[in-house]
Amino acid sequence: MTVSAPTAASAPTPSKLGLWGVVMVIYFTVAGGAFGIESLVGSSAPGMALILVLLTPFIWSIPTVLMVTELATAMPVEGGYYVWVKRALGRFWGFVQGWTAWLYGMVVAASFAALFTDYSSSFLKLAFGMDLLDVYPVARWLVAAALIAVFAWINIRGAKAVGDSSKVFAAMVFVPFIIMIVMALFRWVQNPVPFWQPLTPPDTGVAGAFGLGLFIVMYNYLGWDGVSTILEEIKNPLKVIPKAMLIAVPLVILGYLLPVVAGLSAGVDYAKWGDTVSFPELASVIGGRWLGIWVALGGMFCAMGLFNAMILSNSRLPFVFAADRYLPARYIERHPRYGTPFRAVILSAGIYALLVVGPFQTLAVTTVLLYGVSLILQFAALIVLRVKAPDMPRPFRVPGGLPGVLLVALLPTFIIILAVRGTVLESGTAFLGLAGALLASAPVAYLMLGAVFKRGQADTLTHEVRPVGHD
């Protein structure tokens, strides 16, 4: 299936992803490894951290996977969730969806570039005793900018290049963690300790510990809808998307759970996790300095994979905005050799390079809230289309009829409200001001870009699809 959009007539067809390429892109748009989840243990204590890692996928990730799989197989078009919401709720809400997703995607992508510099710093300190990247901010930015430039070029080469490189990065992430997990198991068998204790930090109740960690684990489990923006760059998405999701969900859960369990068995004070202790330090305790260096190197490859997949997904949003005439037409121009929207990729890369110096940690809560709003719009589209277009072909359907769809939509909505409430009680309402301002930018941008570029012209991208031969 395809969707019409203005492209250069001479541009070749972009390369397409197969099943395992899609699995790796999903894996890296969601997780990419356990790196970054250390602060969950430090804030919520081992017991609650393990509960959150196991529970959150069932009320946050799996409902999203079901929604994305139904809509992606019903409307496998470039732009994904932007087109879905526009089809169900109208042009304005489609724009709000796309704009909000673009905003949080920018922050997340920039944070991945910053994460690369963090683990590069850990690697340099463990391997060579150098603190160059900690002492000189300009050096940190140059390292991040180099990462951005390299992976912008890989993305210009096409989705298949991203998928192939993601397989390599996954291997570089998995191998040191597998060794760390095996060594931790042998240590624990020889000296069993209750690594799951305590359940909560001192002077913190169960509800408080749950609330402290909820936004952290939600952040680490978001991104399942990212693959939707590249649906026309996937071979036979009607079959590949359901299979890829079925593989990716347990892969992501185990990718968080097992390294956390291994790290807890090291006996390091959990309160230091995410502050002075991360996985390279934990690996050093478990297996020695050599393993710590290897895990730090794995963290660098993790950040590469995360950024690589995020730029693939996020860069398609300025492309579809330009296709619908909200941005200049040059951003729909495709590369003469690779057939990719290279100007949209370059625009995205430039924005990431500006944002990479920002305070990523303080933006994590705001990012989850923006993602939550985007997700609610997608669930609303799922419900509305079940009512308005009951006869739409749906190769995959959320089970249970309309009640099943409502239940699937309510679970993530509930957890978003719960997480916001817990954060307000713990940290105040300051983050709501920034989130509100960013959300308010969507209608402002809709009016301004509509007046400057669109000027009443009809949309080019539509939900209408036509059958083509399967790849």
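Q: What counts as a helix or a strand here?
A: Helices (H or I, at least four residues) and strands (E, at least two) are DSSP runs, numbered from the N terminus. The model is predicted, so local features need pLDDT of at least 70 and side-chain atom pairs pLDDT 80 or more, while totals for chains, interfaces and linings use all residues. Residues are numbered from 1 along each chain as its sequence is written, and side-chain values use heavy atoms, leaving out hydrogens and water.

Q: Ok, what comes just after α6?
A: G158 follows, and its phi is positive, at about 125°.

Q: And which residues of α6 are buried?
A: Among them are A139, R140, L147, F151 and I156, where buried means under 20% relative accessible area, exposed over 50% and partly exposed in between, with a 1.4 Å probe and protein chains only. The buried residues of α6 pack against α4, α5 (132-135), α7 (159-190), α11 (289-314) and α13 (342-355).

Q: What does R140 pair with?
A: R140 forms a salt bridge with D118, their closest N and O atoms lying 2.5 Å apart; the term needs a side-chain nitrogen of Lys or Arg within 4 Å of a carboxyl oxygen of Asp or Glu. Because R140 lies in helix α6 and D118 in helix α4, the pair ties together parts 22 residues apart in sequence.

Q: Switching topic, which residue does R316 bridge to?
A: R316 forms a salt bridge with E233, with 2.9 Å between the closest N and O atoms. R316 is buried at 0% relative accessible area, and E233 is buried at 4%.

Definitions and conventions
Contact means heavy atoms within 4.5 Å.
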